[in-house]
Number of protein chains: 2
Amino acid sequence: MARADVRAAMQERILETADRLFYGQGIRAVGVDTIAAEIGISKRTLYNHFPSKDDLIVAYLSRRLKPAPPSDRPPLEQIMGAFDRLERTIATGVFRGCPFVNAVAELKEPAHAANRIALAFKEQRRVWFQGLLERLGIATAEPLSLQLQILMDGAIAAAIVRGDPAVAAAARAAAKVLVEAASVSGPRPIPSD
Amino acid sequence: MARADVRAAMQERILETADRLFYGQGIRAVGVDTIAAEIGISKRTLYNHFPSKDDLIVAYLSRRLKPAPPSDRPPLEQIMGAFDRLERTIATGVFRGCPFVNAVAELKEPAHAANRIALAFKEQRRVWFQGLLERLGIATAEPLSLQLQILMDGAIAAAIVRGDPAVAAAARAAAKVLVEAASVSGPRPIPSD
DNA sequence: CCGCAATTACACAGGTCTGTGTAATCTATG
DNA sequence: CATAGATTACACAGACCTGTGTAATTGCGG
């Protein structure tokens with residue numbers, strides 16, 4: 001039964017490289033030959049695992065759809081931590097924006113599966129925000145969660161153009177103001193944590 | 001001297017079409033042949049006006065660098081109006097995000113002139129926000145202007161993925177909260193308008 | 001050790017793209 | 001009308017892309 005394992009390992013190697021190149025240079029800018037050459041396999045082998053470039057694109061995006069690991073930190077700390085992580089991501093290594101937004105912007109076909117995956121990702125993050133806000137006892141958790149998501153996406157877009165991690169800190173400060181405003185004007189939070 | 005006028009008119013026709021196609025389908029996705037065919041001129045003529053596709057891209061982006069027309073409406077109204085206009089833009093016609101962010105994301109060369117133009121555009125808008133905030137007597141006008149710009153960019157990015165103009169309204173509401181929070185905590189605004 | 005599946009090298013079809021070369025034609029200006 | 005510049009049609013080079021066909025080779029499981 002090691003055959004399936006070997007096959008899965010090869011697929012993962014392909015996806016790792018595709019991720020690095022697709023994200024770093026753009027999906028349209030990277031050819032299938034380039035990915036195969038980077039790994040050191042033949043193009044034929046790559047097509048044996050992914051029957052078309054579109055399949056590879058979908059797999060590349062799906063692989064990035066990992067739900068956030070549950071944490072026992074206080075909700076507000078988790079929310080602020082998301083912006084801190086973004087700031088570190090912008091500062092460290094290759095930052096080229098949100099891979100999902102880039103994919104949607106780069107693939108002109110409106111019915112592409114990338115749109116569905118991108119929407120799923122954004123909604124997943126928004127719901128994560130919403131859950132934390134509800135634990136803070138905030139009544140307007142749903143609209144506020146969308147606003148936090150907008151701040152995240154805005155910091156990412158601004159960081160692409162400005163190349164400055166400070167935009168994440170600015171977004172974080174804005175998020176803090178919004179959450180606090182919703183806390184005082186809404187019902188009292190449950191002081192459980 | 002009508003020769004120069006005719007030449008300028010042709011350049012404008014080319015740029016109009018390039019704008020529509022570049023923005024609507026992506027810079028990399030649209031070939032020079034397609035633009036020429038759409039206008040009904042030969043590819044040779046297009047290359048007579050723009051010696052390379054890169055020149056055309058730069059001209060396309062530069063043409064969108066128009067400063068906002070001065071307005072005598074109250075500053076807060078102008079700020080909120082920017083989000084209202086964004087909401088209408090998302091809802092009406094072809095919306096494909098911010099052309100400058102898209103260009104930077106699509107062109108992998110980090111030294112491309114598009115980066116400079118995109119930065120100039122974002123900074124132009126931020127300074128416009130800053131001036132209005134200063135007229136409101138807000139002490140933290142500069143950092144707040146960056147936060148408003150982040151909200152704009154975030155609403156744009158979220159709208160691409162969600163296809164829902166409501167994100168602009170959410171961003172607008174968040175902007176209102178941020179401006180009001182900065183107004184009450186800072187020095188009193190000058191009640192001139 | 002046999003056989004099967006994966007992998008490889010290599011060529012190629014068919015399409016796209018940017019940019020140029022050329023010779024003919026059109027058009028407005030002097 | 002004459003001339004110079006703009007435009008046209010058309011071919012083509014050179015590069016890149018996705019995807020396939022084929023035959024030889026490798027390596028692992030039974």
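Guide: Helices here are DSSP runs of H or I with at least four residues, strands are runs of E with at least two, and both are numbered from the N terminus. A residue counts as near a molecule or strand if one of its heavy atoms lies within 4 Å of it. This is a predicted model, in which local features need pLDDT of at least 70 and side-chain atom pairs count only at pLDDT 80 or more, while totals for chains, interfaces and linings use all residues; side-chain values use heavy atoms, with hydrogens and water left out. Residues are numbered from 1 along each chain as its sequence is written, and chains are lettered from A and ligands numbered from 1 in the order in which they are written.

Begin with DNA strand D. There are 21 residues around DNA strand D, and those that come nearest are A:Val32, A:Asp33, A:Lys43, A:Lys53 and B:Thr45. Of the atoms of DNA strand D that come within 4 Å of the protein, 58% are sugar and phosphate. H3(B) gives the most to this surface, with four residues. At least two residues each come from H1, helix H2 (32–39) and H3 of chain A, and likewise from H1 and H3 of chain B. By class, the surface near DNA strand D holds six nonpolar, seven polar and eight charged residues. In this scheme Ala, Val, Leu, Ile, Met, Phe, Trp, Tyr, Cys and Pro are nonpolar, Asp, Glu, Lys and Arg are charged, and the others, Gly among them, are polar.

Individual atom pairs give more detail. A polar contact is a pair of N or O atoms within 3.5 Å; within protein, one must be able to donate a hydrogen and the other to accept it, and residues adjacent in sequence count only if both atoms are side-chain atoms. A polar backbone atom of A:Val32 is 2.7 Å from a phosphate oxygen of DNA strand D. From the other chain, the side chain of B:Thr45 places an N or O atom 2.5 Å from a phosphate oxygen of DNA strand D. A:Lys43 reaches a base instead: an N or O atom in the A:Lys43 side chain is 2.5 Å from a base oxygen.

Now DNA strand C. Sugar or phosphate accounts for 57% of the atoms of DNA strand C within 4 Å of the protein, and bases for the rest. H3(A) supplies the largest share of the surface near DNA strand C, four residues. The elements that supply at least two residues each are helix H1 (2–25) and helix H3 (43–49) of chain A, with helix H1 (2–25), helix H2 (32–39) and helix H3 (43–49) of chain B. The residues divide into six nonpolar, six polar and seven charged. A polar side-chain atom of B:Lys43 lies 2.4 Å from a base oxygen of DNA strand C. Phosphate oxygens of DNA strand C are approached by polar side-chain atoms of A:His49, at 3.2 Å, and of B:Tyr47, at 3.2 Å.

Next, the two protein chains. Chain B superposes on chain A by a rotation of 180° with 0.0 Å of shift along the axis, with an RMSD of 0.1 Å (least squares on the C-alpha atoms of residues with pLDDT of at least 70 in both copies). That is the relation of a two-fold axis. The residue of chain B closest to the rotation axis is B:Gly154, with its C-alpha at 1.7 Å.

Counting contact as heavy atoms within 4.5 Å, 35 residues of chain B touch 35 residues of chain A. Since 100% of the interface residues of chain B are also interface residues in chain A, the copies meet through the same surface. The two chains bury about 3100 Å² between them, 69% of it on carbon and sulfur atoms; buried area is the accessible area (1.4 Å probe) that two parts lose on being put together, summed over both. B:Ile150, B:Val161 and B:Arg162 lose the most area on the chain B side, together 21% of what that side buries.

A salt bridge is a side-chain nitrogen of Lys or Arg within 4 Å of a carboxyl oxygen of Asp or Glu. Two are found across the interface of chain B and chain A. B:Glu123 forms a salt bridge with A:Arg162, the closest N and O atoms being 2.9 Å apart.
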